[in-house]
Amino acid sequence: MALSKLPQSQPLPVVLESLDYQHYLPLFFDGLSETNHPYEFLARLGVHEMLEHGDGKILPVIPLLIIPIRNGLNTRIPQVLCNMMKALQQLVVSEERVGEALVPYFRQILPIFRIFKNKNTNIGDCIDYSQRKRMNIADLIQETLELFERHGGNDAFINIKYMVPTYESCMLN
C-alpha cells in the first residue's frame, strides 16, 4: 500500500479541564523563557488557556510554578520578563487565594522586580510604542506588584515592601 493512500490521522481535540495541571502548567511556565517564535508563542498561549480554564486546579500547582517563574525572571531578557509579568498577572487573578499562596514565595520572585522597577526609558518628547504592546518592564512590574498587594491578603504589602523598598502601596493611598 502506498503511503499516500494511508488514512490521515487528525489530531484529537483535548479538553483543557482534563489535562494534568501538575505536569503541563509548570511546563508552559518554563516555556515562557523561550525567545524563538513558535516556542514562545505556544508557551504564552498554553499558559493563557490553562489559567483561563483551570478552575480549582491552579492553587495546588503554585509550589511547582516557582522554579520556572524564578528561572524566567533571572534570564533578564526584556521580552521574557514582559511575558512572565503578564503570566503572573493572569495567575494572580485566575483563581481565588492564588495571590495569598504566592506570598511565601516573594523572596524568590521579587528580587528581579527590585532591579527593573525603575527602568523606565527616558525618550524625551518621542512616542513610546511599548505602551500599546504592554512591553514596558517598569510599568508591568508596577501593575504586577499592585495585583500582588490586592490579592495577597494581609501580609502581602509587608513582604513586597521588604523585597522592593521603593514600592508604594496602592491600597493605603
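Modeller: Two rings of Phe, Tyr or Trp (for Trp, its six-membered ring) make an aromatic pair if their centres lie within 6.5 Å; planes under 30 degrees apart are stacked, over 60 edge-to-face, and the rest tilted. This is a predicted model, so local features need pLDDT of at least 70 and side-chain atom pairs pLDDT 80 or more, while totals for chains, interfaces and linings use all residues. Residues are numbered from 1 along each chain as its sequence is written, and side-chain values use heavy atoms, leaving out hydrogens and water.

Biologist: What kind of pair do the rings of Phe-113 and Phe-148 make?

Modeller: The structure holds 3 aromatic pairs. In this one, the ring centres are 6.2 Å apart and the planes meet at 25°, so the pair is stacked.

Biologist: How many residues apart are Phe-113 and Phe-148?

Modeller: Helices here are DSSP runs of H or I, at least four residues long, numbered from the N terminus. Phe-113 belongs to helix α7 (residues 111-116) and Phe-148 to helix α9 (residues 137-151), so to speak distant parts of the chain, and the separation is 35 residues.

Biologist: And what kind of aromatic pair do Phe-157 and Tyr-167 form?

Modeller: Their centres are 6.2 Å apart. With 50° between the planes, the pair is tilted.

Biologist: How far apart are the end C-alpha atoms of helix α2?

Modeller: Helix α2 (residues 37-52) has 16 residues. The expected span is 1.5 Å times one less than the number of residues, so α2 should span 22 Å. The model agrees, with its ends apart by 23 Å.

Biologist: Which residues in α2 are buried?

Modeller: An α-helix has 3.6 residues a turn, so residues three or four places apart point the same way. In α2, the buried ones are Glu-40, Ala-43, Gly-46, Val-47, Met-50 and Leu-51.

Biologist: How far apart in space are Pro-165 and Arg-114, C-alpha to C-alpha?

Modeller: Pro-165 lies in the segment after α10 (156-163). In sequence, Pro-165 and Arg-114 are 51 residues apart. In space, C-alpha to C-alpha, the distance is 7.9 Å.

Note on methods:
Helices (H or I, at least four residues) and strands (E, at least two) are DSSP runs, numbered from the N terminus. Buried means under 20% relative accessible area, exposed over 50%, partly exposed in between (1.4 Å probe, protein chains only).
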